[in-house]
Amino acid sequence: MTSAQLFALCGVLLFGWGLGGVIWSRHLVRKVIALNVLSASVFLILVALARRAPSGPPDPVPHAMVLTGIVVSLSASALALALVRKLCRATGKVELPD
Amino acid sequence: MIQSTQSNSLGWLLVALLSGMISLVIGAAILELPDQGVGLRDVVQSHLPESGVGHPVTAVLMNFRGYDTLLELTVLVLAVLGARVLAASGECGPEIGVPLQSPLLDGFIRLTIPVMLVMAGYLLWAGGHAPGGAFQAGALLAALGILTLLGGHDWTHRLSERGERLLFVLGGATFLLAGVASLGAGGTFLEFSRVGGKWQILAVEVASTVSIAAILTALFTGGRLAPRADDLARGATQLASPREPQHD
């Protein structure tokens, strides 16, 4: 197993973890954090797969995609947190009902 | 009681199975890829001299896939509009611009502001030949803005609403103008090598840095940088916390 494959599989593990967290968490801030873990795992997979070049610098196109993805995931987290605050103000709770 | 724990553990099992299966499928797909793959690296490297920048990632981001970056700047503007609509008052979060009376935080902010400014300027310039560029510098400046605004220093209260709008739109508008300028010079839309590739890209990067910093700061501090016009009319001189519209 090459090192690129190892990092990519670690990213896949994190992906499963983040996906489970997004679906299963009842506390909304934990959901947002799990969403961030999910995005980070996808970025790890992209960057690891870019490293499969036999020698020399890695493939730059997935790196640019990850840069765009980071900014987009940041905006998504900000909007999600704004929704959480709105819900907290409306209902006083930050957890979903059972 | 027993039924709820049973359905709880059944639900947990189902979620674990779902995530596990999806991960296994993705993992199998990754393992099936060839061990070595160059991708588009050589194509990018061969066209690097005519892109106007010296670093392949910046070239891909700003020139070869410039359309994605243009649309991303637009997405950021939409996100800040969404944050503005969703702004809630301070019961479930920090107040913007209210001094925290924490000498530790004040000292830390005082220490880090010049460092972050210099680093952001360096990152912006270094994007031409090393990892760096508009997004990295803009994110660092946004961290600075959020740190100071949430730390209680209300330094944006002199900004007008029109100025705030200009800041948000500056990056996308400059990118669009640069792309249209290429059209005017006889090339295709967003073909930066025609007019004067390096300076076009630098101008776009500077405008984008300012824009990205303003947008990302506003996203995390209620969607606004300037005080609302009706707050100013009521005589407030500070950026009040975002709140629900008054039903007078």
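## Burial and basis

Buried means under 20% relative accessible area, exposed means over 50%, and partly exposed lies in between (1.4 Å probe, protein chains only). By that scale B:Asp42 is partly exposed, because its relative accessibility is 43%.

This is a predicted model, in which local features need pLDDT of at least 70 and side-chain atom pairs count only at pLDDT 80 or more, while totals for chains, interfaces and linings use all residues. Residues are numbered from 1 along each chain as its sequence is written, chains are lettered from A and ligands numbered from 1 in the order in which they are written, and side-chain values use heavy atoms, leaving out hydrogens and water.

## Salt bridges

The whole structure holds four salt bridges over all chains (a side-chain nitrogen of Lys or Arg within 4 Å of a carboxyl oxygen of Asp or Glu). In one, B:Asp42 meets B:Arg41 at 3.5 Å, N to O. B:Arg41 counts as buried because its relative accessibility is 10%.

B:Asp68 pairs with B:Arg65, with the closest N and O atoms 2.8 Å apart. B:Asp68 is partly exposed at 32%, and B:Arg65 is partly exposed at 38%.

B:Glu161 bridges to B:Arg224, with the closest N and O atoms 3.5 Å apart. This pair links distant parts of the chain, 63 residues apart: B:Glu161 is in helix H7 of chain B, and B:Arg224 is in the loop between H8 and helix H9 (229–233) of chain B. Helices are DSSP runs (H or I, at least four residues), numbered from the N terminus. B:Glu161 is partly exposed at 24%, whereas B:Arg224 is buried at 17%.

## The largest nonpolar core

A nonpolar core is a set of buried Ala, Val, Leu, Ile, Met, Phe, Trp, Tyr and Cys residues joined through side-chain atoms within 4.5 Å. The largest has 37 residues, and B:Phe168 and B:Phe175 touch the most other members. H8(B) gives the most to this core, with eight residues.

Beyond four places in sequence, B:Phe168 is in contact (heavy atoms within 4.5 Å) with residues including B:Val77, B:Val80, B:Ile215 and B:Leu225. Apart from this core lies another, of five residues, among them A:Ala8, A:Val12, A:Ala48 and B:Ile30.

## A buried alanine in chain A

A:Ala34 is in helix H2 (residues 28–50) of chain A. A:Ala34 counts as buried because its relative accessibility is 9%. Leaving aside neighbours within four places in sequence, A:Ala34 is in contact with A:Gly18, A:Gly21 and A:Val22.

Conventions:
Helices (H or I, at least four residues) and strands (E, at least two) are DSSP runs, numbered from the N terminus.
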